[in-house]
Structures are given as structure tokens and as C-alpha cells.
Amino acid sequence: MPGRVLVAKLRAARPPPGPARRSFWRSPIRGPWLASVLGAALLAAIPIVSITGLLSYVAYSPQLGDNGRFWGEPGLLDAFVFTWPTNPSWLYAATQGLHVTIGIATVPIVLAKLWAVIPKLFEWPPLRSPAHALERVSLALLVGGVLFEFATGILNIQIYYPWQFSFLEAHYYGAWVFLGAFMMHVAVKLPLLREQLRRRRVIDELLVDLQSTRPEHELHAETGALTTEPPTAIATQPASPTISRRGLLAMVGGSSFALLVLTAGQSLGGPLRRLALLAPHGGAEGSGANAFQINKTAASVGIDAGAVAGWTLELAGARKLTLTRDALLAMPQHTYDLPIACVEGWTTTQRWTGVRLSDLARLAGGAGEQVEVQSLQRAGSFAHATLSREAVADDRSLLALRVNGADLSLDHGFPARVIVPALPGVHCTKWVRSMTFATS
Ligand SMILES: Nc1nc2c(c(=O)[nH]1)N[C@H]1C(S)=C(S)[C@@H](COP(=O)(O)O)O[C@H]1N2
Ligand SMILES: [Mo]
């Protein structure tokens, strides 16, 4: 078989100069032990980020459509999709806050983990057998998947879209590719991870300073973990250490904790919000009663005072009617403290006053079913949203006219915006022009 012959020749030949040679990699602390410690941390973090991410998919209400554009066709998970509840009102603020905060805090761990195993990328010969090829493809999906998910997530938080594809779609399907590879990797590596951590406990290693830091291959030889040739990631000709293992773990843990503190404030609010330096929305704020962060200003979507002059609301259901803002203000007004919780992870709770969606549904002769909300804003995927019957029926779901005792500002959606409990901010359509209630 020519393939076998080629592999045998590659094996016999010296690897080309550079990273394919084991002598290229000199760090004495790189190896399976460090990879296992970092792997254990990821084993705790990745499930939190994954589950909250999938919950976010459910919260966007894929079965309703129109909340993000690509929900037309059923996705992989749709058999399990349930209607997102409206209780507690901070539900999405909590799940998405966790998704984004833990996700960002995980970045240093992911980078350190990749550093700990990077010689494997240059393994020689690059392909040894069909099984080896399969292993490398699954690792490529794992590493590619994690980098893709983190990159798209972080760029989305920064409201930076250098690409042409839909973030929701790409991040969602990318997650499945990554999760498949991740679960396989865990299944294969878990025994090694447990063995490494049992042989050398983290707590013991934390007592070892730089002077006493010994190269990985010596320790492995000693504990009998190395019977044949050392695993690829272990340096065969290590340099003397410039950082101890505990130093590296402290650096990774410290940066992870710093990111946690600098991010969590945007979800937690209070004094911590000032620490949320990484939140891109810290800056844009209104004034007076409307002094809280603005996701998209009126100007950024082409809405000015002229566009809302003479505004009326179009209601449609079993009948059609048009309401002025004064007519809406003459209806029973209700006030609730409710959060806006964005997919980007930030949240802000304010006191909203307006008309119940259920009252509007009754007025239009809706059958207690879902409603389609359309904004004055013409373009963009957030110019409309679909709310479930549960969302419409909740007493706290409002077409808000006022916030914190004053009229809404133009930036916060004047003349009227939707506010619903527990749903992603994308459902809280601003500058509402019409609401169409389903009649069957
Ligand atoms: N018409 C319209 N409504 C909108 C949006 C938008 O871009 N256009 N953004 C939505 C998103 S994604 C969020 S998180 C909230 C943010 O509300 P805020 O701009 O008052 O902070 O408004 C929602 N309503
Ligand atoms: Mo949002």
C-alpha cells in the first residue's frame, strides 16, 4: 500500500526543521499535567456556557419566527424546544448573564490550554493512519469550533460585524460542531485527565516555587507515567523554567477572575456596573428618568422627531383600529419594574408604565394568541418581533409609554415600546407602529 510506504518513509526521515522537531518546544512545564488541570477547569465552564447558550436559542422562540431571521426552518434541537416562561422576570438576564460572563472569563483558560498542547499541531508525521487522521480531524473541529464560537460571540458583544453571515445562525450551528467534538474529546481524554490529577495533585503543585520547578519529562519518568516515548507536548530538551506551574496557573486564574469582575457588572448592576469596563454599552446613556443605557439610538436607525410626529398605533385582530398616544394614555395604566436583558449579556431594570398587551389584544379582538409587533424602523432584523401567547397573556407585559415617571425618550422608543418579562431584549421593540394579533 503506497500510503503505508509513505508513512514509513516519513517516520524514518527526520522532521523538517522548525516546530515539527521536538527540540523546537522547550518549555519544561508544558505537558499533559498542565493540560489536565486546565482541562478540568474547562470541564466545569464549558457546560455552563453551552447550556445557557442553548437556552438562549429557546428564549429567542425559534418556533415563532421573526425574532432573528433564520428560525424559518426547524433546527436540530427544535423537538426539545419549549415555550420560554415569563417567570421569573430576570430569567433571561440570569441565563444570558452567565453565558456571556462565564464565556469571557473562560478565554484565558482556553488560550492556556491551547498553549499546553500546541506541539501536537505540528506532530510528525502529520498523518500516520486512518485512525490518526480521524483523531486529527476531530481535534481540528474542537479547536476550530472553540475559536469560532469565542470569536463570533465576543465580536457580537462588541456590536462589530465584519462578516456577511447571520450571527445567530453561525453561532448556533458552530456550537453544535464544537459540542460534538468536545463531547468526543472528553470521552477519550477523561481517563488521562483523572490519572494525571491523581498522580500529582494540584494542591501539591501549588507549593512548588520556581527554583524547585522540574521539567515535565523527569516528573513523568519518576511517577512511572512514561513507559515509552514521552507524549508530544512534553519537551525532550527542556530549557530551564522561567515560570513555575503555580505561577502559570495564578496568571491564568487571575486574568480569568479579572475578566469576570470587569464583565459581571453589566448583568449584576449596582456599584459593580462601573467596573463593567468591557461592556460596550457603558457609554451611551440618556438623561433624567431616561438615564440608562441605550442599545441602539433613534438616530442610528434613522428615526427623528419628525418621524414620530402625529404618531398613531395600528392594532389588528378580528378588527382593525387606530389609537393615538392620548387614547392609549386614557386606558388603564400599569407600572412594573422589569429588566431589559440583551443577548450581549447586559441588563438594566427600570420602572415601566403603559398599557397591558392583554388589554390591547382584547380591544383588537385577538384570540389570546401570539402577536406580531412592527416598528416604525424600516430596515434591520430588530424592527419587528413575535411574542408568544404566554408573553401576551402575562399581566406585566406592557406597551410602555413612560419610564421612571416620565415620557419615554426618543432613544428609548418614544412614542411606545414593548416591555415583556423574562424574554431577551430583542422582543422589546421600540417605536412600535403596529401590532397584529393572531385570531386563531
Ligand atoms: N425598533 C427596534 N427595537 C429594538 C431594537 C432595535 O434595534 N430596533 N433593539 C432591541 C434590542 S436587541 C434590545 S437589547 C433592546 C434594547 O433597548 P434599549 O435600546 O432601550 O437599551 O431594544 C430592542 N428593541
Ligand atoms: Mo439586544
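These are some numbered notes on the structure above.

1. First, the ground rules. This is a predicted model, in which local features need pLDDT of at least 70 and side-chain atom pairs count only at pLDDT 80 or more, while totals for chains, interfaces and linings use all residues. Residues are numbered from 1 along each chain as its sequence is written, chains are lettered from A and ligands numbered from 1 in the order in which they are written, and side-chain values use heavy atoms, with hydrogens and water left out.

2. On the overall picture: the protein chain has twelve helices and ten strands, taken as DSSP runs numbered from the N terminus (helices H or I, at least four residues; strands E, at least two). Along the principal axes, its C-alpha atoms fill a box of roughly 85 × 55 × 35 Å. Of the 440 residues in the protein chain, 46% count as buried (under 20% relative accessible area, with exposed meaning over 50% and partly exposed in between; 1.4 Å probe, protein chains only).

3. Surface and contacts next. The accessible surface of the protein chain comes to about 21100 Å², and 63% of that belongs to carbon and sulfur atoms (Shrake-Rupley method, 1.4 Å probe; for residues, only the protein chains shown count as cover). Among contacts (heavy atoms within 4.5 Å) with a separation of 6 or more, 71% are between residues 24 or more positions apart.

4. Have a look at β10, residues 432–437, which pairs with two strands described here. With β1 (residues 312–316) the sense is parallel, over three bridges, and A316 stands opposite T436. With β5 (residues 371–375) the sense is antiparallel, over five bridges, and there S375 stands opposite V432. Pairing here requires that DSSP finds at least two bridges between the strands.

5. The largest nonpolar core holds 54 residues. A core is a set of buried Ala, Val, Leu, Ile, Met, Phe, Trp, Tyr and Cys residues joined through side-chain atoms within 4.5 Å. The residues with the most contacts inside this core are L328, W352, L360, L387, L399, M435 and F437. Strand β7 (residues 398–403) gives the most to this core, with five residues. Leaving out residues up to four places away in sequence, L328 touches W311, L313, L323, Q333, V355, L360, L399 and L401. Apart from this core lies another, of 21 residues, among them V37, L38, A116 and F150.

6. I118, L121 and F122 form a surface patch with about 250 Å² of accessible area together. Patches are made of residues with over 30% relative accessible area and no salt bridge, with like charges joined within 9 Å and nonpolar side chains (Val, Leu, Ile, Met, Phe, Trp, Tyr) within 5 Å. F122 sits in the loop between α3 (91–117) and α4 (130–157), and is partly exposed at 31% relative accessible area.

7. Salt bridges: the count comes to 15, each one being a side-chain nitrogen of Lys or Arg within 4 Å of a carboxyl oxygen of Asp or Glu. R325 and D407 form one of them, with the closest N and O atoms 3.5 Å apart. R325 lies in helix α10 (residues 325–330) and D407 in strand β8 (residues 406–407), so the pair ties together parts that are 82 residues apart in sequence. R325 counts as buried at 12% relative accessibility, whereas D407 counts as partly exposed at 37%.

8. Two more pairs are worth a look. The side chains of R389 and E369 meet in a salt bridge at 3.3 Å, N to O. That pair links distant parts of the chain, 20 residues apart: R389 is in helix α12 (residues 389–393), and E369 is in the loop between α11 (357–364) and β5. R389 is partly exposed at 43% relative accessible area, as is E369 at 22%. Salt bridges that share partners also join R200, E205, E216 and R245 into one network. The other pair is R214 and E218, whose side chains meet at 3.2 Å, N to O; R214 is partly exposed at 30% and E218 is partly exposed at 35%.

9. Finally, T386. This residue is in strand β6 (residues 384–387) and counts as buried at 1% relative accessibility.
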